Amino acid sequence: MRIEEQKYFEKGLEYVIRSAAEEDAKELSRLRLQIDVETENLDRESGEGYLDEAAFRGLIKADTEKSRNLFLVAAADGMLVGFSRCEGSELKRLSHKVEFGVCVLKDYWGHQIGKKLLERSIFWADNNEIKKMALSVLETNETALHLYKKLGFRTEGVLRKDKLLSDGKFYDTIVMGRINLK
């Protein structure tokens with residue numbers, strides 16, 4: 001599915017949030033690799049689960065055609081600096097919910113980009129008969145945990161010792177959900 005482009009200005013940075021286009025595929029492949037190097041908050045290490053330009057092109061095309069999927073990008077300074085996805089299911093018993101994920105280049109943290117991507121996704125979900133948004137977050141990602149709680153997500157469970165990070169220690173994953181009762 002697609003949404004209307006929206007402009008933002010936060011802490012001296014002007015950026016746009018819009019639906020991903022197939023022309024973004026090459027840059028998204030590069031962006032994802034860079035973000036994987038910059039943070040351990042995601043499920044994969046650098047280079048794991050690599051998606052090349054063709055894979056991103058197919059993903060964007062499929063997400064655009066599916067009413068339960070939404071692929072957004074954030075652009076600033078003439079390049080993509082972040083993206084998010086909501087992925088739904090075609091299975092009838094799961095068709096009321098989507099899984100949400102987001103990532104932003106470290107140099108652009110603090111400009112509310114992740115928050116705006118999430119807010120746009122919530123608005124889309126609430127206006128497209130999606131009753132639940134679900135996500136998972138690493139226990140050490142306090143900024144994200146605070147944001148999710150502020151935007152109505154509640155802890156639904158904890159996956160103990162779920163992730164092994166580069167320090168050799170195991171960390172919990174917090175499973176969260178937001179219910180739309182409209």
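Leaving aside its neighbours within four places in sequence, which residues is Ile113 in contact with? They are Leu13, Tyr15, Ile17, Ala74, Val81, Val104 and Tyr108. The model is predicted. Ile113 belongs to the largest nonpolar core, which has 47 residues.

**Nonpolar core**

- The residues with the most contacts inside the largest nonpolar core are Leu28, Ile113, Leu118 and Met133.
- Ile113 lies in helix α3, which runs over residues 113–126.
- One of the contacts of Ile113 is Ala74, a position within strand β3 (70–76).
- Val81 is also in contact with Ile113, and this residue falls within β4 (79–88).
- Val104, another contact of Ile113, falls within β5 (97–104).
- Leu13, Tyr15 and Ile17 are among the contacts of Ile113, and strand β2 spans 13–19.

**Helix α2**

- Helix α2 covers residues 53–65, and its end C-alpha atoms are 18 Å apart. This agrees with the 18 Å that its 13 residues should span at 1.5 Å a residue.
- The buried residues in α2 include Phe56, Ile60 and Asp63. They cover an arc of only 70° around the axis, so they sit on the same side of α2.
- Ala54 and Glu65 are exposed on the other side of α2.
- The elements covering the buried residues of α2 include α1 (25–38), β3 (70–76) and β4 (79–88).
- The N-terminal end of α2 is capped by Asp52, which has a side-chain oxygen 3.2 Å from the backbone nitrogen of Ala54.

**Helix α4**

- In α4 (residues 142–150), the buried residues are Ala144, Leu145, Leu147 and Tyr148. Their arc around the axis is only 165°, which puts them on the same side of α4.
- Glu142, Thr143, His146 and Lys150 are exposed on the other side of α4.
- Cover for the buried residues of α4 comes from elements including β5 (97–104), α3 (113–126), β6 (132–138) and β8 (170–179).
- Leu145, in helix α4, has a relative accessible area of 13% and is therefore buried, the cut-off being under 20%.
- Leaving aside its neighbours within four places in sequence, Leu145 is in contact with Val137, Leu138, Glu139, Ile174 and Met176.
- From Leu145 to Thr155 there are 10 residues in sequence and 9.4 Å in space, C-alpha to C-alpha.
- Gly152 follows α4 and has a positive phi, near 100°.

**Strand pairings**

- β3 and β4 pair in the antiparallel sense over 7 bridges. Leu72 has Ser84 in β4 as its bridge partner.
- β4 also pairs with β5 in the antiparallel sense, over 7 bridges. Here Cys86 has Phe100 in β5 as its bridge partner.
- Of the 10 residues of β4, 8 are buried, so this strand is largely enclosed by the rest of the structure.
- β7 (residues 154–164) and β8 pair in the antiparallel sense over 7 bridges. In this pairing, Leu164 stands opposite Phe170 in β8.
- The hairpin of β7 and β8 has 5 residues between the strands, and Gly168 takes a positive phi near 85° there.

**Loop residues**

- Lys11 is not a glycine, yet its phi is positive, about 50°. Lys11 is placed in the loop between β1 (6–10) and β2 (13–19).
- The relative accessibility of Lys11 is 61%, so this residue counts as exposed, the cut-off being over 50%.
- Asp77 is likewise not a glycine and has a positive phi of about 55°. The hairpin of β3 and β4, where Asp77 takes this phi, has 2 residues between the strands.
- With a relative accessible area of 58%, Asp77 is exposed.
- Ser89 lies in the loop between β4 and β5. The Ser89 side chain reaches the backbone nitrogen of Leu91 at 3.0 Å.
- Leaving aside its neighbours within four places in sequence, Ser89 is in contact with Leu94, Ser95 and Lys97.

Terms used. Residues numbered from 1 in each chain as written. Predicted model: local features only at pLDDT ≥ 70, side-chain atom pairs only at ≥ 80, totals over all residues. Heavy atoms only, no water. Buried < 20%, exposed > 50% of the residue type's maximum accessible area, 1.4 Å probe, protein only. Helix = DSSP H or I, 4+ residues; strand = E, 2+ residues; numbered from the N terminus. Arc of directions from axis to C-beta. Contact = heavy atoms within 4.5 Å. Core = buried A, V, L, I, M, F, W, Y, C linked by side-chain atoms within 4.5 Å. Expected span 1.5 Å × (residues − 1). Polar contact = N/O pair within 3.5 Å; in protein donor to acceptor, adjacent residues only side chain to side chain. Pairing = 2+ DSSP bridges.
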